[in-house]
Amino acid sequence: MKFLIQMFVLLMAGSLWVSAQNDRKVIRQGIKAYEKGDYSDAEVQFRKAGDLNGESFIADYNTGAALYKQEKYEETAKQFESLAQSGTDPQKLAKVWHNMGNSLLEGEQYQASIEAYKNSLRLNPGDMDTKYNLAYAREKLKEQQQQNQQNQDQQQNQQNQDQQQNQQNQDQQQNQQNQDQQQNQQNQDQQAQQQDEQQGDQQQARPQEISKEDAERMLSAIQQKEKDVKEKVDKEKATVAKVKTEKDW
């Protein structure tokens with residue numbers, strides 16, 4: 001569906017559109033440039049006519065038409081908005097609101113264009129072109145809202161995915177840190193165990209230090225044991241000698 005463009009310049013014919021000032025010649029020059037497709041020059045001529053006659057509705061209206069043809073939709077909307085605020089003739093204002101709606105529609109300001117078309121229809125309820133464009137603007141607004149919702153959903157999904165990915169990265173980092181800490185603890189435990197074993201070996205290899213009293217007791221015990229052994233050996237020798245004497249006899 002395409003909207004209908006009801007954008008045209010106002011000609012000099014008709015008592016409602018005729019200016020009594022010297023701007024009429026300049027307006028005709030602007031119309032000729034407009035009809036040739038030289039919209040930039042047409043805009044210049046229409047603005048000149050407006051400067052010559054600040055109350056020239058036709059000069060201001062045609063300036064908006066020339067701006068629209070140059071795809072300067074924001075400027076066009078402002079131009080027609082100014083006319084809508086100053087105009088009083090219902091027929092003229094209906095066209096102004098219609099063309100303002102077209103400019104806003106081209107600028108994708110769908111809600112504002114809908115309001116402009118409604119204003120046009122209030123002044124001219126039977127205008128089918130405006131009704132058609134109003135329906136089109138509503139359809140475009142619905143599409144825009146759906147697209148905006150889809151974009152929001154996509155952004156939300158992306159944010160959720162990013163959050164999940166960040167959480168996974170954090171979990172992985174935490175797990176890695178835990179593993180590193182466990183490995184470090186194991187290494188420390190192994191080192192401590194090795195140190196303990198080395199210290200134990202050193203203690204076993206090192207002669208045990210005893211006190212003087214213990215040394216004297218140990219020496220006395222050894223001497224007593226040697227004495228006991230000597231006495232036992234002497235007794236055994238005496239017994240053996242006696243037995244041999246009996247046999248020889």
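Me: Is Glu71 buried or exposed?
Reply: The model is predicted, so local features need pLDDT of at least 70, side-chain atom pairs count only at pLDDT 80 or more, and totals for chains, interfaces and linings use all residues. Residues are numbered from 1 along each chain as its sequence is written, and side-chain values use heavy atoms, with hydrogens and water left out. Buried means under 20% relative accessible area, exposed over 50%, and partly exposed in between (1.4 Å probe, protein chains only). With a relative accessible area of 57%, Glu71 is therefore exposed.

Me: Where does Glu71 lie?
Reply: Helices are DSSP runs (H or I, at least four residues), numbered from the N terminus. Phi of Glu71 is near 65 degrees, a positive value in a residue other than glycine. Glu71 lies in the loop between α3 and α4 (73-86).

Me: At what angle do α1 and α2 pack?
Reply: Axes are lines fitted to C-alpha atoms, over the stretch in contact, and angles run from 0 to 180 degrees between N-to-C directions. Angles under 35 degrees count as roughly parallel and those over 145 as roughly antiparallel. α1 and α2 are therefore roughly antiparallel to each other. Their axes are 8 Å apart, and the angle is about 165 degrees.

Me: How do α1 and α3 run, roughly parallel or roughly antiparallel?
Reply: Helix α1 (residues 23-35) and helix α3 (residues 57-69) pack at an angle of about 20 degrees, with their axes 11 Å apart. That angle makes α1 and α3 roughly parallel.

Me: Which residues of α3 does α1 meet?
Reply: Contact means heavy atoms within 4.5 Å. On the side of α1, the residues are Ile27, Ile31 and Tyr34. In α3 they meet Ile58, Ala59, Asn62, Ala65, Ala66 and Lys69.

Me: Which residues are in contact with Ala66, leaving aside its neighbours within four places in sequence?
Reply: Ala66 belongs to the largest nonpolar core. Once those neighbours are left aside, Ala66 is in contact with Tyr34, Tyr39, Ala42, Glu43 and Phe46.

How values were computed
Helix = DSSP H or I, 4+ residues; strand = E, 2+ residues; numbered from the N terminus. Parallel < 35°, antiparallel > 145°, perpendicular 65-115°, else oblique. Core = buried A, V, L, I, M, F, W, Y, C linked by side-chain atoms within 4.5 Å.
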